[in-house]
Each structure stands twice: as structure tokens, then as C-alpha cells.
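Here is a short briefing to read alongside the sequence and the 3D view.

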Amino acid sequence: MTRGMATLSPFQKFKRTLFRFRRKDDLSERVKRTLVRTLYTQPTSLAIGAINGIVSSCVAALVSGSTLIFGLCIVLTVIGVARIIAAFGLSPDNSGHSTRQLEGIYEIGAFSYAFVLGTIAATTLVLDVGAPVEVLMIANSTCYGVGICARNAGRPAIALGQLGLVLAPILAASLYIASVPFLFLAANILLLLPAMASITLNVFKVLRDSIGSAETSGRLAEKMRILARTDVVTGLANRAGLNHDLAEKLMDVADDKIIALIWLDLDRFKEVNDLLGHPVGDRVLAEIAQRLSEVSPESATVSRFGGDEFIIVTEVKDRLEVERLASELHAEIMRPVRLDGDLMQIHASIGIAMLPLDGTDADTLMQNADLALYHAKANGRRQTCFYDATMSRDLVRRREIEAELRAAIMKHELSIFFQPIIDLETGRIRAFEALVRWFHPQKGELRPDEFIPVAEETGVIITLGNWITAQAAKAAKQWPEDITLAVNLSPLQIKAPGAALGIINALREADLDPSRLELEVTESLFIDDHDSTGNFIEELSAIGVRFALDDFGTGYSSLGYIQKYPFSKIKVDRSFVSGPDVGKKTDAIIHAVAELGSKLEMDIVAEGLETVEQVRSVRAAGCTMGQGYYFSRAVPDYLAVMLLSDEEEDLNPRRKVS
Ligand code: C2E
Ligand code: CA
Ligand code: CA
């Protein structure tokens, strides 16, 4: 990933990428280099040509016995050998010389060789050494000149220079001798020069154009390849780019090295898009992309995997380094994003898998990082999870639950249990909370914490939720009029269209007075406060249904919605009553909540009471109601009825704590 690109806007990056491929100079320079390369290809043909000239000249020197020709022959041999060495030793691909230098070296050799060869031929004419030798040298020189035009047509100036230099001395000698046949020879040479010039230039044009278009299409293909691997919004690698880089990284990785695949998913980014529009969403993504590139190591692949998901692949020393990087990445994402004067805070969930520990191929690595990400999200988002093998087992179990949940209702494997909620003042049962149970024929009893989230994910919660309310309402019908039924509602159930109708139908079917029903909702319902939530609460409040705020203290604990919605109860989460964190602070919080409840005339229920000390303590703190194993676990409906009748006969003195 080019770091400099990160500071440009996505559009600028796109333009820059395109522009790079359009530069004409660059292209013609590359074509020129290819053409110069043709001078150095096939050094053998050059060697054969050079040796041929040298041997012919030696023959001329020996036959004529001329010391001048002999001297010229030595000069030609020196030049020829130097050229052969240069032809085999230099190459445009590995010599480290510039195109211009290579062309210059070739030029000196070619021109001097041509001129000396032509001079030897001319000398044989002037010295009149005899027809056979003269024919040999004229034929050798002209053939050399014509042949070289074809060979070096890629650089026409060199080709025609060689032709001119080899023929010029012969032309001069012919004119000097000036006999009729030699005048004809001179005329032939004069006609040959423009004819060969025209042929050479034509061949050159064809060569240049075809190399040019091959270059262009090659560069276009390269451009398409880069564009296909780049995400237009962020300038990062896209999914294809990631796949390509990941495959390369896995291939190159040393045995003792670790590769980390870090999968980031922005939390609730869909809301940014829905509320502020896609252009703003894109700007946020580009900003996040830039930050991720800045903190990632230089050699890392930073990619946008799609939507609001980013994947970073990088080589690391150890797990500690990944942890550090993940927390830096998270910190960067959390730094507020400025949007036209407003500040926006983004969070992310992160899943990490490492090679070779969690997988040795790209697919497994991706799959396991995805699983780790899923766990990070399921654990309440905004956190980093490293893959471990139990996650795969959990996934298998979830898949099984998912497959069996729908049928479970039909097969009567689900039932509703009831846990009493006690008035701490009188010790009497005031309500029962309906808690669903699944008795699986093979897996045994499944906890709602395990299957309710699956029901939410798959949408089964709507059917399941309505079924639970209907069953619980029928059971409640058997209880005395002053006993309330508390039913847990999932936020998803409430946001579904016709949610209120499902509750109203359940009440009607069981013929239960709406005022006897209390719906328990958690704070997560209000995080994305939709109109549908307000409408649901309003519609049911209007007919007398009451609402309780469940698990208070575990979420955002904002007081805003306590004021906004008509809650009759706040249930303080059991982590404030029992568990490792209980102490002075939690006690103070219970006190404060209880005081708030009494001011607002709400009941405060302490959940999870297991010991008499806990009951005393929450009562002293001001809680009005309690629920927990100390009083009773959740029991089947017939046992709930028994608890009530025991109470009538005052058989359960334990509930009254003084
Ligand atoms: P919750 O609404 O907070 O329910 C109270 C949970 O605390 C119940 O667990 C209950 O059995 C448990 N509990 C009660 N007293 C004690 C105690 O003294 N000590 C301890 N350690 N635990 C106690 P359960 O039944 O496993 O339910 C877990 C969660 O599943 C519930 O938490 C609720 O969020 C959800 N859930 C249960 N039934 C339903 C349902 O019908 N619909 C929906 N939407 N959610 C449900
Ligand atoms: Ca509850
Ligand atoms: Ca609760």
C-alpha cells in the first residue's frame, strides 16, 4: 500500500492512477528501449557478419600482397573482435547502461566497421588488385550494407549510416577511376541509397507501431489489473487485492514467521449510512482507511473487504505484537471523526487469526478470523477476540441449535418456567417471571442464554416470543388476580412489525387482564431508539400493560429513557448483588437506584438473591422487591401454583426476612 496515496481523496487517487498510465513520454521511452534492444539481440548474426568481412579482407590482403590492405585488414579485425565482445557482453536488460549509452557504443563500432570495410573494397578497386578479389570485396561490402539495413531497421539512423559509410568509399573510388563500368557502379550505388532508405524507414515504422501498441495494451492490462484490485472509496486494496496479496504473503513467509489476519468490523455503521447518507458514510470510511494505513506496518496489506469491514494482513514477531497493533488500530478508529463541524465516534469489533497456529492456508485463516470476529460481536462488540479452537465447536453447536429451534416448539421440547418475585416488605409473592426452558432429547437442558441469541439472529424470536407470551399468559390466568406475570422481550421482537398485536392476541386468547402483564426490556432496546419502540410502548401502555427495565447497570445506564418511558420497575442486575465485583461501590449504586425508584414511585427489584445476607443488604439499601434462588428457582407452572397456595397457608416463612 502506497503511504502517500493515503492523504489524497479517493477521487484524486483514482485520477492519479489513471494519469500514470497516460504519460506519453514514458511510453515512447519504453518503445525506444525495446528498439535499441533489437540491436543487441542475436549477437551471433553480428559475429558471423563481422568474421565474414574480416576473412574476405584477409583473402584480399593475401591475394593482393598490398601492405595498405593488410593494415586496413588488421584495423577491421580489431574493430570486429571488439564488436563481437560488446555484442555478447552487453544487454539492455542487465548491463546497467542507459539506452543512450548502449546505442552510442553500438554506433561507434558499427560506423567504424562499415567505413573500414568499405575502404578496403575501395582500395582493391583503386589498386586494381584483380577482378576476383575486387568482386569479392564489392559483393561483401554491398551485401553487408543491404543486410545491415534489414537487421538494424529498428534504429534507421544507424542502419542507413552503416550503409552510407560502407558504400561511400566504393562510390568515391568508382568516380575516381571513372571508367564506364565503374561509372555504372557509382550510379547503382546512388540509386541503391534512397531505395534502401525508403525500405528501412518503412520497416522501422511497422516495427515501432507494433511495439508501441503491444506496450500500450500491456500497460492497459496492468492498469486494469490495478484498478480491479483497488477499492475506489478508500484507495485501499479491495477483496481481489487482498486475495492476491494474501496468497503472495503466504507463499513467501519464512518458516519461523507469523502472519496475522486482523478482521475489523465497524459497529453500527449501517446507522451512519441510514441517518447521514452514503456520501457521508463514504467519507467516514475513507478517513478510517487512512488511519488504519497509518498505524499498520509498511509491508502490511490494508484492505476494505466490503461494506464496513477491513482486513489487515501483516507479518509479526509474536502474539504480543498483534495485540499491540490491534489496540492501536482500535484506538485510531475510536478517535472522533470530524464531519462538517460535528464529531462522530466510531467503534469496531476485531477478530484475529494467525498463521501457522490457527491455519496454514488463506481460507482457514479467513474463516477463523471471521469466527473470532463473530465472537467479539456476540460478546457485546467493541472488543478484540483471538481465534481459539473452542470457537469452531461453539459454531457447530450454534448451527445445530439453529437447525432444531423451529421444530422444538412443535415437538413440545420448550416449556415455560416461573420464578417468583417477592415483596421484600411482606415476603409475599407479587409476580412471576416467565423464563423459557428447552429440554433437548439428546443435549439435555439448554440455557436461554444459548438459544435466545440464535433465535434473535435467525428471526425465530418473533414466533418464539409470541408463543412464550401466550403460554405464560395461560398459566397466569390460574393465579390470583393480584399476581403479575413478567415476560422478557427481545429488542428484535419489539421492532418487528405488528409486535404489539402479538402481545394483545396472547392476552386475549388467555383472557388475561393487560394490567397483569409486565414486559421486561433491556437497555439495549434504546441504543438505536426507533419510532417503532416508542409506538410499541405507547400502544401497550394505553391498554394497561406495564414495563420493567431489566438488567439495569450492565448497559449504558442512561437515565434519559427512564424519564422518557413509563417504567413501573427497575430490575438491578444480579452482578450488583452477587459475584466478584460486589462491594462498597455496587452498594452505593443500589442505594442511588433505590432512592431514584422511591422518588419516581417505581419498584426496585434486586435480582440474583442467593443468601439471606444479600436479601438484608438490598432491603436496607431500599430495594422494594427481590428475586433469586434464595426464594426459589424458576419452576414449572404447577409448582408456581403450589408456591402460591403454600403462601395462602403461610407455609413458607423463609420469604419474610426481618
Ligand atoms: P434475565 O431476564 O435476567 O433472567 C434472570 C436470569 O437469572 C434467569 O436465567 C434466572 O434463572 C437467573 N436467576 C434467577 N435467580 C438467580 C440467582 O439467585 N442466582 C443466579 N445465578 N441466577 C439467577 P435464565 O432463565 O437462564 O435466563 C437467562 C436470560 O435469558 C434471561 O435473563 C433473559 O434475558 C433471557 N430469557 C429467558 N427467558 C426468556 C424469554 O422467554 N424471552 C426472552 N426474550 N428472553 C428470555
Ligand atoms: Ca428478565
Ligand atoms: Ca435480569
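Which residues come nearest to ligand 1? Of the 21 residues around ligand 1, those that come nearest are Q419, R437, R574, E610 and Y629, where near is defined as having a heavy atom within 4 Å. This is a predicted model, in which local features need pLDDT of at least 70 and side-chain atom pairs count only at pLDDT 80 or more, while totals for chains, interfaces and linings use all residues. Residues are numbered from 1 along each chain as its sequence is written, chains are lettered from A and ligands numbered from 1 in the order in which they are written, and side-chain values use heavy atoms, with hydrogens and water left out.

- Oxygen atoms of ligand 1 lie 2.7 Å from a side-chain N or O atom of R574 and 3.0 Å from one of D550.
- From Y629, a backbone N or O atom is 2.8 Å from an oxygen atom of ligand 1.

**The shell around ligand 1**
- β9 (429–440) gives the largest share, four residues.
- Each of β9, α15 (448–458) and β13 (546–552) supplies at least two residues; strands are DSSP E runs of at least two residues and helices H or I runs of at least four.

- E520 and D550 are both buried, meaning under 20% relative accessible area with a 1.4 Å probe, protein chains only.

Definitions and conventions: Polar contact = N/O pair within 3.5 Å; in protein donor to acceptor, adjacent residues only side chain to side chain. Buried < 20%, exposed > 50% of the residue type's maximum accessible area, 1.4 Å probe, protein only.
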